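Okay, thanks for making time this morning. Let me put the structure up, and then I'll walk through a few bits of it.

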Amino acid sequence: MIGRRVLLAGGAAVLAAPARAETPHRIVAVGGAVTECVFALGVGDRVVAVDSTSRFPAAVRGLPQIGYMRALAPEGLISLNADMMLLSADAGPAQALAVLRAAGAPIRSIPEVPTGDGIAAKIRAVADALEVDGRPVADTVLADWQSLDAPIAALRPVRTIFVLSASRGAPLVSGAGTLAAAMLAAGGAQNVVSGYNGYRPLSAEAAAQIAPEAVVIMDHVLQEIGGIDALLAVPALAVTPVVRTRRVLAIDGSYVLSFGPRAAHARRDLAMLLHPGAPLPALPARAWT
Amino acid sequence: MSLALATASPRARGRVAMLPLGAALLAAAMLAGVLLGPAPVTMGGLTATVLDVLGIAPLPAEYVRDAAVLGVIRAPRVLMAALVGAGLGAAGAAMQGLFRNPLADPGLIGVSGGAALAAVTAIVLGSSIFGAAAGVMGLWLLPVAAFVGGLLATLMMARLGTVQGVAGVATLLLAGVAVNALAGALTGVMIFMADDRQVRDITFWTLGSLAGSRWAHLPVVAVLVGLPTLALCALARPFNALLLGEAEAFHLGVRVESVKRLALTLAAVAVAAGVAFTGLIGFVGLVVPHLVRLGFGADHRLVLPGAALLGGTLLVLADLLARSLAAPAELPVGVVTALLGAPFFLWLLRRRGMGA
């Protein structure tokens with residue numbers, strides 16, 4: 001019995017259950033976009049832990065890490081004494097979510113749809129869960145996003161591929177149905193790889209046939225490969241027109257592909273990379289960008 | 001490649017105490033598993049939960065969270081870890097005895113490879129193949145698929161390995177290699193077809209986790225893992241005879257072919273059912289039987305139940321560390337079993353090598 005008491009003593013001080021406030025004040029945010037939404041709504045100071053995909057704003061870097069959002073830890077989450085767990089719809093696994101639900105954890109699933117309307121819905125869902133007014137932020141982001149619709153639609157789509165990685169063998173290239181494909185389309189590019197869903201290795205023959213004019217790649221991936229020349233030496237890319245155009249566009253993946261409140265600005269930045277000098281309306285700086 | 005029949009006498013004195021010791025270790029590990037973890041539980045919370053479970057006093061509101069941590073999260077998890085670890089340990093000991101090969105583990109009979117192929121298929125094609133059924137089966141789709149896949153792979157391996165009614169050890173081994181290669185290739189096809197998220201899910205599944213353990217799973221696991229584990233322990237005498245060789249065992253009155261079929265079936269059911277709920281957990285099935293043998297000799301009356309008890313103990317402790325070390329995140333339990341067990345195993349091996 002003494003042993004047991006010793007084992008348990010460490011926890012005694014921490015236990016006091018969180019007092020039930022009117023609005024959640026200890027928030028766990030899971031998913032990069034979900035976390036950005038909480039901060040954009042001005043209640044980021046209530047976030048007590050985030051997942052490994054949450055990297056913005058800088059304030060999240062000092063917070064406790066709950067790990068990767070597809071490998072949630074039920075007991076770890078409960079131990080945070082949160083009164084609201086905002087989980088991206090992509091969070092999992094389903095079995096761990098079932099355990100959390102059975103344990104009565106205050107979880108709320110936030111939809112992830114990579115469109116302008118989807119982003120606004122995401123912001124409103126987060127705001128609802130936190131009992132704050134989400135309309136100002138949601139409406140502003142949606143208006144920013146929509147102000148780009150017509151000007152980008154008027155541009156000639158650039159034949160583009162998105163390269164996820166190219167360190168071993170054939171480069172992993174985005175097909176349809178990825179966040180990258182959604183952002184390419186929104187930014188005035190034509191993703192010339194549409195025969196499959198998700199990321200697949202692209203063969204040199206296929207690459208030669210689809211003849212992309214530009215490559216979009218995450219900046220840290222490009223750096224790891226060793227720069228533009230090293231990337232264009234990869235056989236599957238060496239046979240494409242990109243070798244002549246040298247249009248390798250490096251993006252910050254956690255910004256451009258997050259589909260959170262910064263998405264309208266990210267969309268404009270990507271469009272300007274793809275179409276230098278295009279007459280796109282400037283977007284005012286927002287509190288969350 | 002044959003198992004060293006450890007000299008009996010020097011270790012005999014330790015043997016009698018081995019099984020009670022193993023049981024005590026397992027009980028202590030399970031108690032620690034329920035009492036410890038990243039979500040702190042007070043003495044008051046523990047008492048209130050126990051009183052509530054026994055129906056003596058209703059749960060006071062301030063202990064609802066403690067009761068949830070103990071009753072909803074930890075208790076089913078610890079029981080699941082004990083059962084699955086015991087199944088892996090006993091199945092590993094049985095396979096090493098059956099194949100008379102120290103490198104044998106449950107993976108050899110195709111059960112893990114088959115379960116992995118089916119689980120990965122369920123992850124990648126779940127909704128498109130099973131359509132409406134996936135919706136109805138929900139959380140059960142993956143475990144059921146993995147269980148059936150594991151059994152089918154072992155069945156295939158046993159059929160391929162049986163020539164004219166005789167399942168020769170070498171033929172069985174090669175059939176297992178072939179079935180594993182086939183399952184591995186088809187798993188590769190599924191990974192090729194998977195999207196980015198599914199690839200991550202697959203990776204985590206192959207590293208194992210007890211995070212999804214719920215009470216609803218436990219009756220299934222108790223029957224499909226617990227009973228085969230007990231039954232394997234009951235095969236100790238024929239396994240001891242098999243150590244002498246199949247012909248010798250036959251002359252001792254052991255029905256060699258039936259014992260082999262029975263052991264394969266029991267091991268496959270126990271491992272497939274465990275893996276179905278936890279994902280692949282390495283190390284336990286391969287090394288835990290060796291730990292028991294190194295400590296207590298090769299007598300299967302000790303090795304089989306000893307491997308079950310020690311396997312359960314190791315997995316319960318590994319899971320406790322998995323959910324505590326990186327809290328509030330969680331490590332994959334398969335990583336922890338190997339990190340815990342491998343250095344200990346090496347130490348034992350070195351010590352034994354120097355002593356002998």
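Let's start with a turn in chain A: β5(A) and β6(A) make a hairpin, with six residues between them, and A:Gly169 in that turn has a positive phi of about 55°. Before I go on, this is a predicted model, where local features need pLDDT of at least 70, side-chain atom pairs count only at pLDDT 80 or more, and totals for chains, interfaces and linings use all residues. Residues are numbered from 1 along each chain as its sequence is written, while chains are lettered from A and ligands numbered from 1 in the order in which they are written. Helices (H or I, at least four residues) and strands (E, at least two) are DSSP runs, numbered from the N terminus, and two strands pair if DSSP finds at least two bridges between them.

Back to β5(A). Two bridges join β5(A), antiparallel, to β6(A), residues 172–174, and A:Val163 sits opposite A:Val173 there. What else does β5(A) pair with? β7(A), residues 189–191, runs parallel to β5(A) through three bridges, with A:Thr160 opposite A:Asn191. β9(A), residues 214–218, is also parallel to β5(A), through four bridges, and A:Ile161 faces A:Val215.

Now zoom out. Chain A splits into domain 1 (18–147) and domain 2 (151–274), with bounds from an automatic or database domain assignment. Their C-alpha centres lie 29 Å apart. The contact takes 14 residues from domain 1 and eleven residues from domain 2, counting residues whose C-beta atoms, placed from the backbone, lie within 7 Å. On the domain 1 side, α2, α5 and α6 of chain A each supply at least two residues, and α2(A) gives the most, with five residues. That side comes out as ten nonpolar, one polar and three charged; here Ala, Val, Leu, Ile, Met, Phe, Trp, Tyr, Cys and Pro count as nonpolar, Asp, Glu, Lys and Arg as charged, and the others, Gly among them, as polar.

Last stop, chain B. Helices α3(B), residues 64–99, and α13(B), residues 284–296, pack at about 70°, axes 7 Å apart. Those axes are lines fitted to C-alpha atoms over the stretch in contact, and angles run from 0 to 180 degrees between N-to-C directions. So the two helices, α3(B) and α13(B), are roughly perpendicular, a label for 65 to 115 degrees. Among the residues that meet are B:Gly85 and B:Leu88 in α3(B), and B:Val284 and B:Pro289 in α13(B). By class, this contact has seven nonpolar, five polar and no charged residues.

Key:
Parallel < 35°, antiparallel > 145°, perpendicular 65-115°, else oblique. Contact = placed C-beta atoms within 7 Å.
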